[in-house]
Amino acid sequence: MATGEVHSQCAGYTLPVPNVQSLATSLDKSSQIPERYVRPEAEVNVIVRTSEIELPVIDLAKLIHPEFSKEEAAKLHLTCQEWSFFQLVNHGVPEELIEGLKANTVEFFNKPLEEKMVYKQDNDGTLQGYGQAFVLSEEQKLDWSDMFYVMTRPVALRNMKFWPTSPSAFRDNIDRYSLELTKVASCLWLYIATNLGVAPEVFAQLFKDHPQGMRFNYYPPCPEADKVIGISPHSDATVFSILLQINDVQGLQIRKDGEWIAVSALPNALIVNLGDITEVLSNGIYKSIEHRVLINTEHPRITLVAFHGPHNSVMLQPLPEVVRDGKLNYGSMSYQEFMKALFNKKLEGKSIIEKLKL
């Protein structure tokens, strides 16, 4: 996963692979899935902690309320230190917009393949459009999912040929949702900066133009769900990512304290996870966290993830304000170099950020 303006310049190419939704439709309960989707690490699907948990919940209305802000900001700081994942409630995104976007997304993925392929990826290096990502070789094991990706901000970088004209409200709802999330992101940046002892205007400069991309994910059901992975374990190469669960099918898992834990999403909450860039900027005070998606045998899982990143010109390195006793835990790398490194390899844990550790 990735985000931001740099996509137009540094994103990598991905090899075309079969449409997973169509493949899943052709299978019955006695079918065997193609070998490329059988994951040799299938045994990692065994979760040590099998019960679903609720992530910590941050209330945005309390965060901005003078009476409750201090307490909620302290809760946010602890959550970012201990979890890096949280559910955001009372976020202010209109419910009618969320419901409309959910309906549009379901309708889009339910369209015949030939209609969706009107928006197929050009393989021009931006990853925009309908298809897959991070497929770099003919031998590579594949994720059990399809995706549709568009760059949403800065607005000047939008390529509208990838924005569906059907459903008729889809474009407008993507645009409105993008704007609403910039408001949410700006608010979170303010309090994260304050918690780290960084002046808010420093963060504002890092994230000017609000670089943002949106990835719509479709994880089809699979008769051999225990042999496939919806998306490989990885951390996000972002400042943070904001996930909206389109339907009520669970499957998201996070890796905490060496265990894979199933996450139970609250209705219409936004799930926020801190990315690799936040880990570097904070000098490891906050850390990104690996996550993955497992597959349901009967029902598809559908999600929308908005990736929020820094401005294209940013140099990734710990901010001076967070460096304790002169100890740097990470080296420096331009954001463009970071994104090139990301897209030149398959999704694989936290392999990119590990290279920056000192």
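This is a predicted model: local features need pLDDT of at least 70, side-chain atom pairs count only at pLDDT 80 or more; totals for chains, interfaces and linings use all residues.
**Sheet architecture and helix packing**

Eight strands form an open sheet with mixed pairing, in the order 2-3-11-8-13-6-5-4. The edges are strand 2 (57-59) and strand 4 (129-131), each of which pairs on one side only. From one strand to the next, the twist averages 25°.

Leu 243 stands opposite Ile 271 of strand 11.

Two helices that contact these strands were examined. Helix 4 lies across strand 2, strand 3 (85-89) and strand 11. Its direction runs at about 150° to strand 2. Helix 7 also packs on the sheet. Helix 7 touches strand 3, strand 5 (146-153), strand 6 (212-219), strand 8, strand 11 and strand 13 (301-308). The direction of helix 7 makes about 115° with that of strand 6.

Helix 4 (residues 69-82) and helix 7 (residues 170-196) also pack against each other. Their axes are 10 Å apart and meet at an angle of about 80°. The two helices are therefore roughly perpendicular. Helix 4 contributes Ser 69, Ala 73, Leu 76 and His 77 to the contact. Helix 7 contributes Tyr 191, Ile 192 and Asn 195. Of these contact residues, four are nonpolar, three are polar and none is charged.

Leu 206 belongs to helix 8 (residues 200-206). Its relative accessibility is 13%, so Leu 206 counts as buried. Beyond its neighbours within four places in sequence, Leu 206 contacts Leu 281, Pro 310, His 311, Val 314 and Leu 319. The C-alpha atoms of Leu 206 and Ser 186 are separated by 12 Å, with the residues 20 apart along the chain.

How values were computed: Residues are numbered from 1 along each chain as its sequence is written. Side-chain values use heavy atoms; hydrogens and water are left out. Axes are lines fitted to C-alpha atoms, for helices over the stretch in contact, and angles run from 0 to 180 degrees between N-to-C directions. Helices (H or I, at least four residues) and strands (E, at least two) are DSSP runs, numbered from the N terminus. Angles under 35 degrees count as roughly parallel, over 145 as roughly antiparallel, 65 to 115 as roughly perpendicular and the rest as oblique. Contact means heavy atoms within 4.5 Å. Ala, Val, Leu, Ile, Met, Phe, Trp, Tyr, Cys and Pro count as nonpolar, Asp, Glu, Lys and Arg as charged, and the others, Gly among them, as polar. Buried means under 20% relative accessible area, exposed over 50%, partly exposed in between (1.4 Å probe, protein chains only). Two strands pair if DSSP finds at least two bridges between them.
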